Amino acid sequence: MSSEPDPVLLELERIDEAVRARRPQPLHEGNPDDLPRTERPSDPFGPGALMEPEVEQSHTFLAAPPIDLDRTVRALDSITSRLEGLGLRLEASEASIARPNRGTGDGTTGSLAEPGGSSSVDAARTAEVVAVSHPYGPSRSESPPVPPAPVYAAYTVRRYNETIDALKDRHAGLVIVSLLLSALIAILLVEIVLRSPATSPPVWIAVLPLVWVVPLPFFLLSFRGTHRVLDRNHLNLPETK
Amino acid sequence: MIFQVTAIGTNPRALETTVESVRYWIRRTPGFRHRALVWLVVEPEGYATAPSLYEAWRASGIEVWIVPTGYRTPLGTRGKARALQYACDLRSARGLDGPEVWVYHQDEETCVGEDTLRGIAEFIERRRELLGAGIILYPLDWMPIPSHVQEFTRSYDDLRVLDSLTMPGNPTAGFHGSHFVVRADVEGAVGWDAEGYCPAEDLLFEIRVRARFGSVFGILKGFAYEKGAFTLRDQLRQRRRWIRGITYAVRTSRVLSSRRRLTISYSAISWYSALPSAVVLVASAVLHYGSLLLFTSFFSGFVWISMAAGYIEGARLHRSYMDRPPGALRLFAYGLVGALVDVLAPWYGLVTGTHLTDFIRKDPIPYRVTTAAPTVPRPTPTVTPAIGPDRSFPATVCRGCGGSLSRAERRFYAVAGTDVEEPKCRNCLGHQEWVRFAPHARPVPG
């Protein structure tokens, strides 16, 4: 037995070291806001990414470890997405089986299916083809796609509550300032009118101010309604459950 | 729990963002323990825009339903109401129309967040009301343009809508067709069918639910995230559809009580009165009709402040969801332009008709599919791009055919920066390589 180390094992060790060196920090389980930007998921290129040839990946791994690491993460995310999709389909089938079709009474689910016979079976059949021809997915001759902007992580309960709290904090002041400014503007306008020379309008124009009054009740109701909703103080969501 | 996105389907990029947001947060929202299905109900022309994309969604578990061209409702409704009725029929046929099933309605650009899903879960578990609606923000693809600034007021106005909606009789007539959750049996019992084309099917639905079940409306906590119209023309067309929808509901709804008819009519008249009010104010000032101004001045302050509060508070609601909130001056200037469009819209609706195609573009970059890429490259356009390297965005041309981005596209990418996916060339979809050059250094195509 030779004591020389196996070149394959050496290669694996080098890969392992490279990966560990590149790994920034352990994955978070908590608030998505805390995640580093590159770890945020949602990969619309998922199906296409799965079709990337494994051989090519292994060849290019050493040359560009971070890129391939990204690819692997994307591929894993894509597999997760597919599995969850399968779960959803199973649940849908379960619901259909549990209650027979009232439209036809035969227990099938195809009576209202879309034209072209595009049922779930057909969908599954075409899945692989679709993965190749996904319009946003990468073709084999192209460079890897730019990952989408991680937009979803911003929309969390914490941010919602902060926004609502800030609005409610301003609520009382908003009422006071609105009424004060309204009165101030009214006084200012009256003052301008009284100081400026005015001509007498024809009689028929005298009815025009009624037009101005029409939306006033709507504005008053809106003002009251808006502040009543804020007063009730029940827009917040619990942060944790 | 069914997340139902009902749309024509011609904005696949917007749809993709919507669908991905639902899938993302279903997996990651603590406390959301409901079994969830995602339904996409689209028209055949929408499906034809990107069939492979729809099939990819279908393969990943999204239920994509295409409303058959031959599908007819008993009353022969058209447009979105027809698609919504089709979805009702589908649920009924699949046994998903019981009181244990809830439907969350989304437009093609209605993205959800963790807050949305927690709000939905909380609403369902509360089991007090049958239909819940919430506040919509418009931060997606936000650009500093008047039509987007105008949407700030809609978000703040949602507070008024929520109050009115939860009161008996909905005195100020508020409801919107997305970001609401309803029990499937309630929706099934009321349905969406109407006579002919119903421009505001959501209002008609609210009227029917109220007429049949009474005041069963509640507040849905959590925001939904949408995007505004990308042009003033689109904004005008959107508002025109709304006002036509209100008049349609007042004119045709048989279940509308006389009191409700009055309140809805008053809301419409208030909207119509905005333009004459502005004219009266300007005329009285310009013609020195002091007595008129004296009369109106008592109310002007309150109306102006209420409107200004809509913009300011709306912008504050959006602040933490936007990269670049607008400054005060820009807010004021763009708000004025946006408000002018809103003021004109009902009168525009009076003199022009509403069409089935009035649903506005939600993809900033039009998604077009051609059957084959042109074999002969187009000559290099001679028009110099408006935004060059000395501005925020360099000239962008397609290496394959020399085609350049449209003005709207350039503006979108100038604002969005480099975080977004590069667009495909609209001229030759086969070439996706975009090169950024100064206008004077354009490459020769081919």
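**View 1. Chain A has eight helices and zero strands.** Along the sequence, chain A reads α-α-α-α-α-α-α-α. Helices (H or I, at least four residues) and strands (E, at least two) are DSSP runs, numbered from the N terminus. This is a predicted model, in which local features need pLDDT of at least 70, side-chain atom pairs count only at pLDDT 80 or more, and totals for chains, interfaces and linings use all residues. Residues are numbered from 1 along each chain as its sequence is written, and chains are lettered from A.

View 2. Of its 241 residues, 33% count as buried (under 20% relative accessible area, 1.4 Å probe, protein chains only). Take contacts (heavy atoms within 4.5 Å) between residues at least 6 apart in sequence: 78% join residues at least 24 apart.

**View 3. Seven strands of chain B form an open, mixed sheet.** The order is E3-E2-E1-E4-E6-E5-E7. Two strands pair if DSSP finds at least two bridges between them. Strands E3 (63-66) and E7 (217-225) of chain B each have a single partner strand, so one side of each lacks a neighbour in the sheet. Neighbouring strands are turned by 25° against each other on average, direction ignored (axes are lines fitted to C-alpha atoms, for helices over the stretch in contact; angles run from 0 to 180 degrees between N-to-C directions).

**View 4. Strands E1 and E2 of chain B run parallel.** Five bridges join E1 (residues 2-6) to E2 (residues 37-42). B:Phe3 stands opposite B:Val38 in E2(B). Helix H4 (residues 80-93) of chain B packs on the sheet, at about 150° to the direction of E1(B).

Note on methods:
Heavy atoms only, no water. Buried < 20%, exposed > 50% of the residue type's maximum accessible area, 1.4 Å probe, protein only.
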